Amino acid sequence: MKKLLTGNEAIARGAYEAGVKYASAYPGTPSTEILENIATYQDDILAEWAPNEKVALEAVIGASVAGARSIASMKHVGVNVAADPLFTYAYTGVNGGMVLVTADEPGQHSSQNEQDNRNYAKFAKIAMLEPTDSQEAKDMTKLAFEISEKYDTPVLLRVTTRVCHSKAIVECEDRNEVEIKTYVKNTKKYLTVPMHARILRLKVEERLQALKKFSNETNLNYIEWNDTKIGIIASGGCCSYAKEVFGNTASYLKLGFTHPLPDEKIKEFCSKVEKVYVIEENDPYIEEQVRILGFNCFGKDLFPFCGELTPDVIRKAVFGKENPALDCDQDKVVPRPPTLCAGCPHRGFFYTIGKRKNLLISGDIGCYTLGFAEPYNAMDYNICMGASISAGHGAQQVFAMQNPAPMRTVAVLGDSTFFHTGVNSLLHVTYNGSNTITVILDNRITGMTGHQENPGSGYTLQGKPTKVVDIEKLVRACGIDQVKVINPNDLKAVEDALDWALSLDEPSVIITRWPCVLKKFSPEDKEEFKGSFTTRCKIDQDACIGCTKCVKTGCPAIYFDKASKKSSIGLDCVGCEVCLQVCPKLAIQKEEA
Amino acid sequence: MVKSILLVGVGGQGTILASKLLTTGLMEAGYDVKMSEIHGMSQRGGSVSSQVRYGDKVEASVIEVGGADILVSFEKMEALRWLKYLKPSGKVVVNDYQINSMPILSGKFDYPSGILEELASKAPTTVVDAAKHATEIGNPKVMNIILLGTIIKAMGLQDIDWKKIISDNVKVEFVELNLKALTLGMSLV
């Protein structure tokens with residue numbers, strides 16, 4: 001049966017066909033839809049959102065130890081969070097096959113960095129596969145489980161944004177029901193005290209040798225001979241880009257199994273072609289091996305070291321120019337930066353705090369990172385998931401060493417990010433007693449990645465009701481005595497809460513509780529937030545004096561007309577009333593939608 | 001022979017559904033098809049694109065600079081932003097629809113004038129007022145399906161059983177409206 005599938009849907013299909021029993025992940029672009037699609041096979045696979053990537057991978061490792069085929073998926077930076085268990089499970093090996101999908105982001109479409117996670121396979125000494133399109137994504141996912149069990153290794157399946165989010169035709173097959181293997185206690189394999197781990201270390205090296213042999217023999221790595229003047233070595237999405245540029249005018253060494261690399265095949269290929277181009281995004285991972293084997297090649301000296309190597313980029317690097325194209329005056333084109341939506345509950349908070357002086361605002365990862373931008377300018381830095389509180393704590397401790405203290409620190413993060421790793425950081429604040437203010441922007445869902453449930457939302461991945469972890473109670477249980485829960489659309493409440501927190505000589509937490517405007521309301525939301533987002537505001541054009549105070553709330557529903565010097569509100573208004581509270585002439589009123 | 005269709009617009013305009021229907025139809029007609037989209041930050045009011053490629057055998061899912069046979073822009077200014085991805089021999093379908101980005105809303109920049117004229121001076125351009133037509137047939141939300149209709153006509157894909165594709169992929173209560181929108185779109189090119 002043929003289906004049009006994205007790479008992410010194809011990986012999910014591959015997991016289903018491979019007989020996977022357990023899957024877990026934390027959402028992160030471009031990996032999110034892998035677990036969401038695995039969850040659609042709910043009669044066969046138990047799929048669970050984890051609070052973070054480390055927890056997801058550990059749960060998947062446990063499922064593998066217990067004998068089930070299991071899969072974890074995450075974005076590239078998620079693997080940093082999950083690296084600790086990965087490196088140890090690389091030593092013990094598996095019971096049921098275990099695959100970790102890393103979704104990398106050349107070009108950083110939606111990420112804070114561009115790290116090349118192929119290095120993790122080398123670093124952890126495990127097998128790695130790199131599909132080029134959706135069909136390969138499905139086939140290689142299945143094969144990864146075979147390799148995992150045969151060679152007793154976790155397998156890294158490395159994909160990139162374009163593979164994840166491109167659709168192609170996939171031939172689907174039936175599920176291969178794989179029985180759960182019997183778990184037999186074996187501490188020499190699974191209990192990594194040094195006396196065991198030293199023996200396992202030797203096994204890892206033997207395994208690498210066996211995998212190297214496999215890499216040279218498998219048809220996942222193959223040569224396509226054409227003219228031998230130019231030889232292309234590529235893996236993953238880059239293979240399709242190279243084909244687009246060179247077609248049948250070059251020979252190809254197409255690499256699908258990329259750790260360990262197939263030295264013998266590389267030698268055979270490089271010795272028979274006149275010029276070698278290694279086309280790979282991010283790091284010179286293949287290129288370095290080619291050079292180690294003693295062959296010269298064109299790699300990062302010719303192709304950009306960052307960004308995507310799409311056909312136009314390759315063309316420009318090799319031939320000095322792109323295809324002929326139409327051009328126009330790009331200066332006329334106004335940027336279209338992402339913005340907080342009309343009705344976004346983060347607006348009231350950032351509008352208010354952005355006007356304050358002498359605050360260091362320690363940010364985090366989510367839609368609310370947009371609080372850094374105009375008109376709010378209300379964030380100083382963001383590092384990684386959960387770092388707002390811990391990095392904020394460190395900054396606050398240093399400010400407190402100075403007399404007078406130059407500023408106070410406010411850490412800002414979302415509900416899902418708080419559950420991710422913010423909780424640990426808050427324990428640090430309590431334990432070491434810094435005078436840090438933490439604001440948890442609780443919009444009742446994981447927003448940025450497209451509305452995934454989380455421990456505070458009350459529902460599982462499959463939409464089943466579950467226990468709600470109460471953020472306020474959790475914060476108090478972490479030892480924070482000073483906690484306030486407010487509605488962020490009430491600007492006075494935000495001002496008062498900030499005044500209150502700044503007056504304290506101990507750590508405090510402000511929880512702003514209001515749902516994401518795009519959230520599909522649960523029955524509980526409908527009751528708690530009754531009537532929200534169903535109204536509109538309008539501006540009395542006679543009363544408007546054109547002061548643009550409402551425009552400075554940064555709402556995309558408000559438009560300032562330069563000719564009439566008046567503001568007006570568009571149809572996308574949902575009546576959050578933030579603008580209404582800032583108008584000095586009370587020219588903004590509520591109307592029923 | 002591979003053909004490339006570039007659909008561009010602003011997050012939330014329905015380019016994804018339009019390209020989903022388009023690719024499904026192309027697959028059922030027996031073509032090899034690939035499509036690329038970028039999700040994530042762009043959903044928050046940013047510029048979005050869906051890149052559709054079809055033929056006997058398609059390699060890359062992305063359209064390169066100077067690679068598109070047709071540029072279909074759901075929003076005027078986005079057509080200018082993406083124009084360099086069109087082949088010099090390619091054509092443009094542009095929705096006469098304006099969405100102001102944040103720097104324009106705040107009064108910092110002006111929305112560019114003369115976009116339609118500029119496009120027409122560069123490539124054969126069809127201007128469609130999809131918002132007006134969509135409202136006329138009863139729902140402003142089917143703007144994307146009207147534009148899909150223009151693509152089908154412009155690329156000569158009328159023989160594909162679009163009625164079936166829409167019936168299979170759209171909620172029952174919206175099938176009739178969507179078919180109406182599609183037929184209307186096809187009549188505009």
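This is a predicted model: local features need pLDDT of at least 70, side-chain atom pairs count only at pLDDT 80 or more; totals for chains, interfaces and linings use all residues.
**Domains of chain A**

The domain assignment divides chain A into domain 1 (2–217), domain 2 (221–319), domain 3 (346–528) and domain 4 (535–592). Between the C-alpha centres of domain 3 and domain 4 of chain A the distance is 28 Å. Where these two domains meet, 8 residues of domain 3 of chain A are in contact with 9 residues of domain 4 of chain A. On the domain 3 side, helix α14 (residues 346–353) of chain A gives the most, with 3 residues.

**Contacts between the chains**

Across the chain interface, 44 residues of chain A are in contact with 48 residues of chain B. Several elements of chain B give two or more residues to the side that touches chain A, among them α1 (15–28), β5 (86–95) and α4 (115–122) of chain B. The largest share of that side comes from β2(B), with 6 residues.

Strand β2(B) also pairs with strand β8 (residues 166–171) of chain A, in the antiparallel sense and over 3 bridges. Within this pairing, B:M35 of β2(B) is the bridge partner of A:K167.

**Residue classes on two contact sides**

The table lists the class make-up of one side of each contact described above.

| Domain 3 of chain A, touching domain 4 of chain A | 5 residues | 2 residues | 1 residue |

Terms used:
Residues are numbered from 1 along each chain as its sequence is written. Chains are lettered from A and ligands numbered from 1 in the order in which they are written. Domain bounds come from an automatic or database domain assignment. Two residues are in contact if their C-beta atoms, placed from the backbone, lie within 7 Å. Helices (H or I, at least four residues) and strands (E, at least two) are DSSP runs, numbered from the N terminus. Ala, Val, Leu, Ile, Met, Phe, Trp, Tyr, Cys and Pro count as nonpolar, Asp, Glu, Lys and Arg as charged, and the others, Gly among them, as polar. Two strands pair if DSSP finds at least two bridges between them.
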